[in-house]
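Subject: Handover of a structure

Dear colleague,

Please find below the structure that I am handing over to you. My notes on what was found follow it.

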Amino acid sequence: MSSLQEHLPILQILVPLFGAILTAFTRSGTTAWAIAAVSSAISPFISAALLIKVTTTGQPISYVMGPWAAPWGIEYRVDLLNGFILLLVSLIGLVSIPYARKSVAQEIDSHKQSWFYTMYLLCLTGLLGICITGDAFNAFVFLEVSSLSTYTLIALGRQRRALVSAYQYLVMGTIGATFYIIGVGLIYIVTGTLNFVDLAARIGPAMPELSRPIIAALAFMTVGISLKLALFPLHVWLPNAYAFAPSFATAFLAGTATKVAIYLLLRIFYTFFSNAIPFYSLPISEFLLVLSLAAMFVASFTAIFEENAKRMLAYSSVAQIGYITLGIALANKIGLAGSLVHMFNHAIMKTALFFALGAMVYRTGVARMSSLSGIGRKMPITTAAFVVAGLGLIGVPGTAGFISKWYLAMGAIEHGWIWLVFLIVLSSLLAVVYVGRFIEIAYFREPSSDIADSHEPPLSMLAPLIALAAATIYLGFDTRLTGGVARQIADFLLSGVVLGGTQ
Amino acid sequence: MFAEPTTLVLLALVIPLVAAVLIPLFNNQPNLREAVTLLAAGSVAVVVWSLYGPVMAGARPELHGPEIVPGISLGLKVEPLGLIYALVASTLWIVNSIYSIGYMRDNSEPRQTSFYVCFAVAISSAIAIAFSANLVTLFLAYEVLTVSTYPLVTHKATDDARKAGRKYLLLLIGTSMVLLLPAIIATSAIAGTAEFTPGGILANKLAPAAMMGLLALYVFGIGKAAVMPVHFWLPAAMVAPTPVSALLHAVAVVKAGVFSILKIVVYVFGIDTLQTTGAADWLIWVPAGTIIVASLIAMTKDNLKARLAYSTISQLSYIVTGALLATSLGVVGSGFHIVTHAVGKITLFFCAGAIYTALHKTEISELTGLGKVMPFTFAAFTIGTLSIIGLPPLGGTWSKWYLALGAIEGHKLAIVAILMISSLLNIAYLLPIPFKAFFGKRPASAGAAATHGHAHDHADGKIHEAPTACLIAIGATSLGCVLLFFYPDFVFDLLKQIPLR
């Protein structure tokens, strides 16, 4: 067993990767689903084991491929930060997979279903890979693995507009990835290494002579990743992608893809650039702050007037990503912890919301607000779960969202920015409006003809939804995993001890 | 009954929640369903009352929950002021449940099960507000109360109800999120704690101007206290069935607001700190102005429930004013007014609902001469009115007396004058209602108009009262108004236990 323990970092990637290969050879959707289910079920155990090991030993786990020692070979390195994100991604994978069965069976043609699961597993592999790798170029490879599979997942949506949306995302995603790799290239020219830890050590001394390429690299990488994480105003691909992708893909991506991109941003900011360019020496913080606030307000306003419920939630995602980047911009311990807490909480809540909406679409075939009127009477449990997760988005105390907002507001107060506290809570008020609008439509209007004979979705879809809605409340009370770990991570990111010390 | 006080605290919170789970199980057996409500209400009242002895003896039972944000755990702690509010909420829940049974059945209201469920959740959160040990726990319970009463306000599911619900949610959640939450966050950051502590936690930590700003955030952020200009939600919420109005006005919601302000003044700011910094000196004129303005608006309303709503806004500001006086007698007066206004106003709302149930009348002008038709109801209405005005032998006398004493103690004679003027205004807008009902002549056209309407012709003076369940509740609360005059000591004793320093 001890040897298996040793190989956990690579197994984290191999399990879904082999799953993807196996599903590619199957023709039956059910078999493909079963393979995906097994792979997705194993992942969280690996992530949890890794995170527990890191927290108990206080040391990062380093795993080297073959005989090539780091920094020459590719190194997988798990510290608190990526251990936390790995767990988040694989947990979302775990709760998503029971939901997938019925939803995919309905939305995807039967001969494409095994293909769909292949893409899902590749996407999971890519996302986990970005998190776990300790190598800047390897991260690019995984970024592309996840992106290409995501384009396919979106393109498999039922409406023809899914193709346009996927293409739009492909163009923007490719620009993002290219910017990232340009940045990596510049850094490689300067330092001659791609390993995160090695980079961190070399980039500081290189700074006095080669400040220009390093700053250019930082700029390219920041913009490239900001495209992937849908930082306002680089978010335009997201609403359509979320609206026209198959319901299951939307829910899974909303919970994972943007979060992983944010992880990568944190990694480059705090792991190696911080040694060369202290966070405050360039106006990164101010820039991020303004864009985050713009996201929180502009996207929330757009969500209020959105007629398609999926697009409403998508714009809400853009706004919520604004909260996360706001915490990064605050760049103090509690604000950064708030950012990490909200990454986790938002993943849970937004996946729940898309599950609920996906269940409504599953039964009714419509996602327009007006067509969903009266849905609260036809699908009471689904709608109630939507409301609970919606209250979480608003940040009502007793839900996960409250914890996030508390941390962020405390982070703002630490800077003495009481005005920012007011802006944070004001934008929550916009969430009251768009969530409230859905509630009014769902409960106060007579059921429309579109939903006349709809009822609760099958248990396999309902159970994951209820679990996530319950988690929204649970995480409002038990914050050891979110707040506790996030504060440790923030401490460790701000301490300047890169990746937990030297090798 | 002989359980540990900490167990009792937990029981008071959990029993209504258990009831909320059980009630839907008896969806198709209304009698059993209401039995669950009554049983829960009865046991919560017993549980809360059995905390009275221990608290008087100096016990302060505490319970600690998980730490949810750095340095702040959810927690409950029973202290005298909170116990008073919990006693009011739990005792009136019994009366209100009895009344609801009569009202909801007689008016064939839809969705009665969800009504009773939301009601139980609201009571649980009211008790959590009462017993909250720190600002974060209070905020949590405060928001749960808003969310759980939203379905009650919109119960009728009409367009008006939806609009009222919108105002309700946006104003209450809005003010609490945008003003109260930043105030709590700022307090926690400045004081390093959010625990309610005798003497307050902000002494010497803020400049007077900043203190005033913070106090303003609390006063306006706690929208449930309906201090102008954040009072709009209260008249709008009148579209709800009368038992809900009673819950809003007397049992839980607005009382949660004024109670929270009082608790924050006493245990977060500390009355001495407020006195020395003078932070409340300007702010006090806002609730003082609300007392007068709301009374004047009440005079213009012909709709009975609307007039009562503005009367509530005015009366709530008595309590806020009393709190902002920041004197020991002011705190006593405010605390006592929480009790007397609750009992008095619930009587008036019960009467308004009884009149609607029996005669389907909602406008004051239609009530002339109906005293003979509903003598019991209008007698009770008179008692409630006199208590609100503050005339002996009714409970309201004491609260006005102590509020006035508190104003004198704080050297604010203008506040005394405002209290007196307001009493006159109360007489002007409330007393004519029962007076005209008993002594006014029924206009001749009214009888003819009513014959083809839904209502019967009551001009013949035949007695036609509301269902018995309603009458029992009305009788109980009117009696309460009288008893509070003759036996106020159990409340005073508790109020004197409040540690002000």
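**Two packed helices in chain A**

The helices α4(A) and α5(A) are roughly antiparallel to each other, a term used for angles over 145 degrees, where under 35 counts as roughly parallel, 65 to 115 as roughly perpendicular and the rest as oblique. This is a predicted model, in which local features need pLDDT of at least 70 and side-chain atom pairs count only at pLDDT 80 or more, while totals for chains, interfaces and linings use all residues. Residues are numbered from 1 along each chain as its sequence is written, and chains are lettered from A and ligands numbered from 1 in the order in which they are written.

Helices (H or I, at least four residues) and strands (E, at least two) are DSSP runs, numbered from the N terminus. Helix α4 of chain A covers residues 80–107 and helix α5 of chain A covers residues 113–132; they pack at an angle of about 170 degrees, with their axes 10 Å apart. Axes here are lines fitted to C-alpha atoms, for helices over the stretch in contact, and angles run from 0 to 180 degrees between N-to-C directions. Among the residues that make the contact are A:I85, A:L86 and A:V89 of α4(A), and A:L124, A:L127 and A:L128 of α5(A). Contact means that the C-beta atoms of two residues, placed from the backbone, lie within 7 Å. The residues of this contact divide into eleven nonpolar, four polar and no charged. In this scheme Ala, Val, Leu, Ile, Met, Phe, Trp, Tyr, Cys and Pro are nonpolar, Asp, Glu, Lys and Arg are charged, and the others, Gly among them, are polar.

**A helix pair in chain B**

In chain B, α14(B) and α17(B) pack at an angle of about 35 degrees, with their axes 9 Å apart. The contact is made by B:Y318, B:G322 and B:L325 of α14(B) together with B:L403, B:G406 and B:A407 of α17(B). By class, these are four nonpolar, two polar and no charged residues.

**Where the chains meet**

How many residues of chain B are in contact with chain A? There are 21 residues of chain B in contact with 24 residues of chain A. On the side of chain B that touches chain A, β1 (62–69), α6 (135–153) and α7 (159–191) of chain B each supply at least two residues. The largest share, twelve residues, comes from α7(B). By class, that side of chain B has 18 nonpolar, one polar and two charged residues.

**Backbone details in chain B**

A cis peptide bond joins B:M228 and B:P229, with omega of about 5 degrees; B:P229 is found in the loop between α8 (208–221) and α9 (233–236) of chain B. Another cis peptide bond joins B:P392 and B:P393, also with omega of about 5 degrees, and B:P393 is in the loop between α16 (375–389) and α17 (396–409) of chain B.

B:A326 has a positive phi of about 55 degrees although it is not a glycine. This residue lies in the loop between α14 (304–325) and α15 (328–359) of chain B. B:H360, which is not a glycine either, has a positive phi of about 55 degrees and lies in the loop between α15 and α16 of chain B. Is each of these residues buried or exposed? B:A326 is buried, with 29 other C-beta atoms within 10 Å, whereas B:H360 is partly exposed, with 14. Buried means 20 or more other C-beta atoms within 10 Å of the residue's own, exposed 12 or fewer, and partly exposed in between, with C-beta atoms placed from the backbone.

Yours sincerely
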